[in-house]
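Hi everyone, thanks for coming. Let me put the structure up on the screen, and then we can walk through a few spots together.

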Amino acid sequence: MSVIEFAGVRKDYGSRTALETMDLVLPKGAALGLLGPNGAGKTTALRLILGMAHPSAGRVTVQGWDPLDPEARQGLGYLPERLGLPTHMAVEGYIGLHALLAGVPEKSVAAEVDRVIELTGLTGRRSDRIGVLSKGLAQRVGFAQALIGDPKLLLLDEPSSGLDPIGMRQAREWISSAQDRGCTVLISSHLLSEVERLCDRLVVLKEGRVVAQGSIQEVVHEGEDLEDAFVRLINPLAGAGGTQ
Amino acid sequence: MRIESRPLRWLTTQAVRDASQRRLVPAVLVISVLSLFMMDSCTSCNANVVVQGEPQTMDLSSLAGLFTFGLLAIWSIALAGLLASDHLREIFEDGSATLWLARPISRPTLALGRLLGSLIVSLGAALLLCGGASFFLSIRGGLPLLPAIWATLSVLLSCVTMAALAMMASLFLPRLVAVLMVFGGVGLMAVLNLAAAAGRPLAGLYYVLHQFGPPILSAVMAALSPWWTTGPVEIPLWDVALRSISWALGSLVLLLIVFDQIELSRLEAR
């Protein structure tokens with residue numbers, strides 16, 4: 001069963017095409033890396049999955065539902081690139097509210113909040129206001145809310161943003177651990193090494209077009225690494241120059 | 001259109017907390033308390049006039065009552081629109097709406113939660129002001145209380161109308177334009193209602209707005225009509241009551257439908 005499906009999806013903003021005829025099937029338990037330079041259409045694809053943007057053509061389904069239907073977002077954890085957190089709220093209050101909205105039973109909320117706070121290393125800061133946290137700690141709060149309720153589908157947009165090397169390693173562990181529990185993961189990232197370590201398939205976007213799609217072995221040619229493949233796909237001239 | 005009751009409760013609580021963090025709210029509280037003091041002093045005034053050499057005391061309570069209630073009604077309704085004009089929009093600008101809407105809740109639940117959050121603050125202020133005015137006018141001026149209760153209810157309905165319309169306008173317009181529309185709309189309707197009540201003929205668009213628009217001041221004047229014996233044109237009570245209810249319900253439903261259908265990504269800060 002596919003968790004996310006794009007069938008001939010196009011997205012226009014006025015006269016500008018942000019995404020051009022995208023077909024994608026993401027099966028349950030898969031880990032997809034969404035790659036592309038800035039403005040390639042990665043965030044648009046995530047917005048379509050979340051129902052924040054409507055396709056101009058084609059159809060998106062999430063867990064078998066139209067993205068506008070709340071059922072599509074059952075068991076979904078989302079970490080946006082631009083993390084909007086209410087600065088006046090305390091860490092545990094904020095995560096607790098997300099636990100309730102995610103459908104965690106009220107009697108289990110406290111235990112679930114404790115679990116993700118401990119997992120993301122926020123135990124000593126649980127009573128702090130979010131506004132006083134550093135960018136890295138705020139990103140951990142973002143991870144905590146995304147991981148609440150043991151999600152079945154994780155959408156992560158630049159998940160390492162603001163994290164130090166230790167935090168980045170921990171974040172990979174949290175994502176791997178979720179994958180081990182059968183969670184389907186979609187990561188949009190500029191960090192190719194991160195995508196290479198966590199994902200088993202790739203979609204490479206350029207100016208709204210899918211320029212490569214498949215398993216890492218299918219996208220990366222023999223004798224090149226993911227960075228070489230990315231440069232070849234995004235900027236063929238630079239890629240050719242680099243290999244000459 | 002689906003509204004989930006439990007998430008609505010949590011989101012409304014959050015929206016009230018967010019509203020209480022705004023710098024505008026303490027200012028509203030101070031103005032409300034000052035207004036109560038003003039009412040306290042205004043409702044205790046009398047005029048001593050001399051008619052043909054005979055000193056007489058004129059009872060100004062009816063006039064003061066109408067004037068006070070009218071001003072407080074306009075202020076309360078404008079305040080409801082002002083508070084609602086960015087209470088939904090701001091969570092898109094700071095990015096938190098994207099995270100709320102990534103949860104299995106419907107869009108109308110979020111919109112209604114935000115509207116209720118701002119309304120709890122603005123209706124609280126309206127109740128304090130209109131309730132305070134009713135109390136002073138009834139105790140000091142000996143005016144009957146029931147008309148003031150009806151007038152307060154009509155103010156609350158107009159608050160709902162204006163808040164829902166302002167929140168909807170904020171989805172399409174910049175904040176400043178939405179705020180100007182709130183003040184302009186409330187002011188225009190108040191002037192038209194007042195002009196019609198004074199017997200001034202209205203034509204064209206002004207007539208249509210007065211006859212079919214939200215009866216912001218007409219409803220208050222109709223409810224308070226037992227307070228006056230002469231003067232303004234009689235206002236049909238059931239007509240304005242029905243229109244007040246229709247506008248409140250209609251604007252609320254319209255907000256939820258519009259928010260359910262529009263593309264939200266354009267509201268997010270880039």
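Ile149(B) is partly exposed, because its relative accessibility is 43% and that class lies between buried, under 20% relative accessible area, and exposed, over 50%, with a 1.4 Å probe and protein chains only. You can find Ile149(B) in helix 7 of chain B, residues 145-170; helices here are DSSP runs of H or I with at least four residues, strands are runs of E with at least two, and both are numbered from the N terminus.

A quick word on what you are seeing. This is a predicted model, where local features need pLDDT of at least 70, side-chain atom pairs count only at pLDDT 80 or more, and totals for chains, interfaces and linings use all residues. Residues are numbered from 1 along each chain as its sequence is written, chains are lettered from A and ligands numbered from 1 in the order in which they are written, and side-chain values use heavy atoms, leaving out hydrogens and water.

Now, chain B as a whole. It has 11 helices and two strands, and buried residues make up 52% of its 270 residues. Its C-alpha trace spans about 75 × 40 × 30 Å along the principal axes.

How many residues of chain A are in contact with chain B? The count is 32 residues of chain A, touching 33 of chain B, where contact means heavy atoms within 4.5 Å.

Next, the charged pairs. Side chains of opposite charge can pair when their charged atoms come close. We call it a salt bridge when a side-chain nitrogen of Lys or Arg is within 4 Å of a carboxyl oxygen of Asp or Glu. Over all chains the structure holds 18 of them, and four are between chain A and chain B.

One of these joins Glu263(B) and Lys11(A), at 2.8 Å from N to O. Are these two buried or exposed? Glu263(B) is buried, since its relative accessible area is 17%, and Lys11(A) is buried too, at 3%.

Another pair is Glu106(A) with Arg9(B), at 3.7 Å from N to O. Glu106(A) sits in the loop between helix 2 (91-101) and helix 3 (109-119) of chain A, and Arg9(B) in helix 1 (residues 5-20) of chain B, so this pair joins two chains. Here Glu106(A) is partly exposed at 40%, and Arg9(B) is partly exposed at 44%.

Finally, look for Glu71(A), Arg2(B) and Glu4(B), which are linked in a network of salt bridges.
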